[in-house]
Amino acid sequence: MKAYGKLMLVILAVFMLAGCGKDDKPGVSVFMIDQNSDPTEVSEQLQKTLQDKLGPDIKVEVVASPLYNPQKLMVEYAAGGHDIMILPEDDMKNYGKLGGHVALDDHFDTKKYPDGVFASQEEKDDKTIDNTKHLYGIPVKQLKVFQDLKYTPEKLYVTIPVSSKHVDDALKAIQAMTE
């Protein structure tokens with residue numbers, strides 16, 4: 001009986017260690033949530049379209065919440081598992097003011113997307129407040145991929161959270177959304 005238990009323990013350990021491998025293939029995880037529409041209507045098509053545009057080297061995953069829930073959004077930010085967040089303007093600006101987003105100024109024209117430009121107002125190390133304005137979000141209604149999908153809700157924005165593990169791929173995905 002002891003030998004059987006040890007054998008089972010070894011087999012269990014092998015299975016657990018086999019699951020510990022790291023996926024070296026870069027990818028982009030997109031999370032969508034909205035107060036006024038159901039993003040699940042376009043999530044599958046968005047994933048397919050982005051995958052086609054980005055090619056096989058970048059795996060795309062789109063996750064959409066059918067119902068708006070601020071607690072769910074908070075959990076998604078806290079978990080840090082997504083590279084792109086598509087969310088309502090108020091939420092985008094609230095999280096952005098807390099330093100939750102990557103500035104997009106160097107990659108996209110701030111004059112083209114003025115509604116996504118604001119000061120983060122996050123506290124720096126020297127206890128001063130950063131009032132410098134940056135582009136943090138791009139309106140969905142201005143992105144060609146959403147126009148093609150006929151999904152252009154007002155006040156819905158695309159942004160990159162600071163917890164993104166694949167910022168470069170996320171930028172490529174947003175660029176693909178503009179084309």
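**Note on the predicted model: loops and sheet**

1. At 55% relative accessibility, Lys 155 counts as exposed (exposed is over 50% relative accessible area, buried under 20%, partly exposed in between, with a 1.4 Å probe and protein chains only). Lys 155 sits in the loop between α5 and β7 and has a positive phi of about 60° although it is not a glycine. Most residues other than glycine have a negative phi.

2. This is a predicted model, in which local features need pLDDT of at least 70, side-chain atom pairs count only at pLDDT 80 or more, and totals for chains, interfaces and linings use all residues. Residues are numbered from 1 along each chain as its sequence is written, and side-chain values use heavy atoms, with hydrogens and water left out.

3. Lys 150 lies in the loop between α5 (144–148) and β7 (156–159). Its phi is positive, about 55°, although Lys 150 is not a glycine. Lys 150 is exposed, at 72% relative accessible area.

4. The sheet is open and mixed, with five strands in the order β2-β1-β3-β7-β6 (strands are DSSP E runs of at least two residues, helices H or I runs of at least four, numbered from the N terminus; two strands pair if DSSP finds at least two bridges between them). β2 and β6 (138–139) are at the edges with a single partner strand each, so one side of each has no neighbour in the sheet.

5. Strand β3 (residues 84–88) and β7 run antiparallel and are joined by four bridges. Met 85 has Thr 159 in β7 as its bridge partner.
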